[in-house]
Amino acid sequence: MQFNEIINAKLSQETDRPLMKKDLFPVSEGLQHYLHNYGRDIKLPMVYKDLLNYRYATSLKDKNGKFTHWENAVYDLKEMEFLKEGLIKTYAILKTEGNLSYIKHLDVERIDFCEFGNSVPFRIRIKNKVNDNYDHYYVKAADASRIYGLELEHLLSPNRITFLHHKNTLVEEHIPGIPGDIFLQDYMKLPETNKIRIAKEFVKFNERCFARLLGDMRSYNFVVDITPDIEDYQYRLRAIDFDQQCYEGKKNLYLPQFYKENFEYVELVLKSLSSEVIEQYQTEERTTMAYRVIASRKQLMELLNIMAHDELSENYKVKILRDELNEHFKNNSFSKCKTMGSIVKRQLKQMLQKHLKQVQGI
């Protein structure tokens, strides 16, 4: 996809936007078996519904005094004591494979929730009582499409993801970084920001999302991870919201370049990179993904074969996406796909097959 084709991406069309809420899809027996085999399905000392018994909630503000989408959940004393034990042990399972020898100096400082999210996530703030350092993790209602999104991110992206599932409860580690919209507001115009590297990373991020059909990557649904390098900074764009993994029917919803919230990133690409350089970065990302596919081929195929049999969207969206991808690639390779999972499998083959052959031939 050429960026110069979407110079008017800032113009919004409501029919081309994803739904703010979608239904949760249950974890199938096949997916649960996969999660168990790969250490993702582990018995937890608490479940999502335990967190729903809060007494009241208060709105949370950010460091600048502005209201956020998050609220602080307040529990009765007895209920909070019960939750603290379970949440601290869950944190130990997530971080140290259940080693409880380190939990005596840990405490639950705060429990927040966000009704804005599809899974109404709870954000747990764990505090180290010795040095006041803190960390976060999330407890969410399990959603099969989100789990597939997390696992595909783990297998196909440069990022590794830690998450656990148990009895329709999903526990995820916090993904650090500066939210994409905040980066535009507070960091993009700083003199030390390397705009060419940001443009490069947006092209690669755009390619990764389209290859595995991860949708709704508006600027507040990904973060910018900044790493100091020898003489400058390196940047990586990381998805943090996986609810829209292969759910929507319109092809453009899987391309971050088409969202008006990302227009400044797109504009930066158009100003900083030539069409030849954009194509180079797209090829680099596909080649790197091909290496990852080879490294995890058995596990990836097992996941995709299970995914192909699961219901992850409405039938009419499957048909729309199937037709649009046929038109996009100018062939009929998606015509036999009956589910979103089978479309993802076909999409990866469509985009990476040539690169897989080149990598294997080296």
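**Strand pairing and helix packing**

Strand 5 (residues 134-141) and strand 7 run antiparallel and are joined by five bridges. Two strands count as paired if DSSP finds at least two bridges between them. Strands (E, at least two residues) and helices (H or I, at least four) are DSSP runs, numbered from the N terminus. The model is predicted: local features need pLDDT of at least 70, side-chain atom pairs count only at pLDDT 80 or more, and totals for chains, interfaces and linings use all residues. Residues are numbered from 1 along each chain as its sequence is written, and side-chain values use heavy atoms, with hydrogens and water left out.

Val139 has Val171 in strand 7 as its bridge partner. Strand 7 also pairs with strand 6 (residues 163-166), in the antiparallel sense, over four bridges. The hairpin of strand 6 and strand 7 has two residues between the strands, and Lys167 takes a positive phi near 50 degrees.

Strand 7 (residues 169-173) is largely enclosed by the rest of the structure, because five of its five residues are buried. Buried means under 20% relative accessible area, exposed over 50%, and partly exposed in between (1.4 Å probe, protein chains only). In a regular strand the side chains alternate between the two faces of the sheet. Both faces of strand 7 are covered. Thr169, Val171 and Glu173 are buried on one side, and Leu170 and Glu172 on the other.

A further open sheet holds three strands in the order 8-9-10, with antiparallel pairing. Strand 8 (178-179) and strand 10 (233-239) stand at the edges with a single partner strand each, so one side of each lacks a neighbour in the sheet. Strand 9 (residues 222-228) is joined to strand 10 by seven bridges. Val223 has Arg238 of strand 10 as its bridge partner.

Helix 5 (residues 195-212) lies across strand 9 and strand 10, at about 25 degrees to strand 10. Axes are lines fitted to C-alpha atoms, for helices over the stretch in contact, and angles run from 0 to 180 degrees between N-to-C directions.

Helix 5 also packs against helix 10 (residues 340-360), at an angle of about 130 degrees and with the axes 7 Å apart. The two helices are therefore oblique to each other. Angles under 35 degrees count as roughly parallel, over 145 as roughly antiparallel, 65 to 115 as roughly perpendicular and the rest as oblique. Glu207, Phe210, Ala211 and Arg212 of helix 5 meet Val344, Gln347, Leu348 and Met351 of helix 10. Contact means heavy atoms within 4.5 Å.
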